[in-house]
Amino acid sequence: MNNVYLAAPFFDDAQKARIQEVKAALIANPTINSEGIFIPEEHQFEEEPFGSRAWQQYVYASDMRQVHRADLVVALLDFDMTSATNEPDSGTMFEVGAAVAEKTPVLIVQYDPTKELNLMISQGLTAYFDASKDGLKELATYDCDDLRSKPAHRPVF
């Protein structure tokens, strides 16, 4: 069973709803440890004031520790679905880069596939799921065991 770091922005209700949809797909996946899905929003450091230096240091250290412990990182690219470019969240992209550097498999979920996928992300990913079609159903059945030895499952542009 694989442990997952679920990287995604969680700044508004729409983003949080997408996280829960992806989490549900992961829980349904028999190769995922349903108790081993780490969602950063659920692990904020409440002992220090939000945004304080101590809070920032704790959150960064905790998130990076979890990225490094994960068997795979699942990242949601859609940050602002209303923008023309739909640039991904910078924190999510940092976490993806950290995973790629560790050679941890990265599964990308995108809700708006009409937005161009960044070259670095498209070449670094292990698998891509188009949530506007059947991507979440595919994620729920995708074999996440031994992803390091499988060829990348990349979108065709």
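The buried residues of helix α2 are covered by, among others, β1, β2, β3 (72-76) and α3 (90-101); contact here means heavy atoms within 4.5 Å. This is a predicted model, where local features need pLDDT of at least 70, side-chain atom pairs count only at pLDDT 80 or more, and totals for chains, interfaces and linings use all residues. Residues are numbered from 1 along each chain as its sequence is written, and side-chain values use heavy atoms, with hydrogens and water left out. Helices (H or I, at least four residues) and strands (E, at least two) are DSSP runs, numbered from the N terminus.

**Helix α2**
- Helix α2 takes in residues 53-69, so 17 residues, and reaches 24 Å from its first C-alpha to its last, close to the expected 24 Å (1.5 Å times one less than the number of residues).
- Its buried residues are Trp55, Val59, Ser62, Asp63, Met64, Gln66 and Val67; buried means under 20% relative accessible area, exposed over 50%, and partly exposed in between, with a 1.4 Å probe and protein chains only.

**Helix α3**
- With 12 residues, α3 reaches 16 Å from first C-alpha to last, close to the 16 Å expected at 1.5 Å a residue.
- Tucked away in α3 are the buried residues Thr92, Met93, Glu95, Val96, Ala98 and Ala99, and their cover includes β1, α2, β3, β4 (106-110) and α4 (119-124).
- After α3 comes Lys103, which has a positive phi, near 65°.

**The largest pocket**
- The largest pocket holds about 410 Å³ of space.
- Its lining counts 19 residues, and Phe10, Val59, Asp63, Gly91 and Glu95 lie nearest the centre.
- α2 gives the most to this lining, with six residues, and α2 and α3 each supply at least two.
- A pocket is an open set of points on a 1 Å grid over the protein atoms alone, where a 1.4 Å probe fits, with protein on both sides within 12 Å along at least five of seven lines; lining residues have an atom within 4 Å of a point.
- The volume is the space filled by probe spheres set on the points, which are joined across faces, edges and corners.

**Rings and a charge**
- Three aromatic pairs turn up in the whole structure (ring centres within 6.5 Å; planes under 30 degrees apart are stacked, over 60 edge-to-face, the rest tilted).
- One of them is Tyr5 with Phe38, stacked at 5.4 Å centre to centre and 20° between the planes.
- Tyr5 sits in strand β1 (residues 2-7) and Phe38 in strand β2 (residues 32-38), so the pair ties together parts 33 residues apart in sequence.
- Both Tyr5 and Phe38 are buried.
- Arg18 lies over the face of Tyr111, 5.9 Å from the ring centre (NZ of Lys or CZ of Arg within 6 Å of the centre and within 35 degrees of the ring normal).

How values were computed
Rings of Phe, Tyr and Trp (its six-membered ring) pair if their centres lie within 6.5 Å; planes under 30 degrees apart count as stacked, over 60 as edge-to-face and the rest as tilted.
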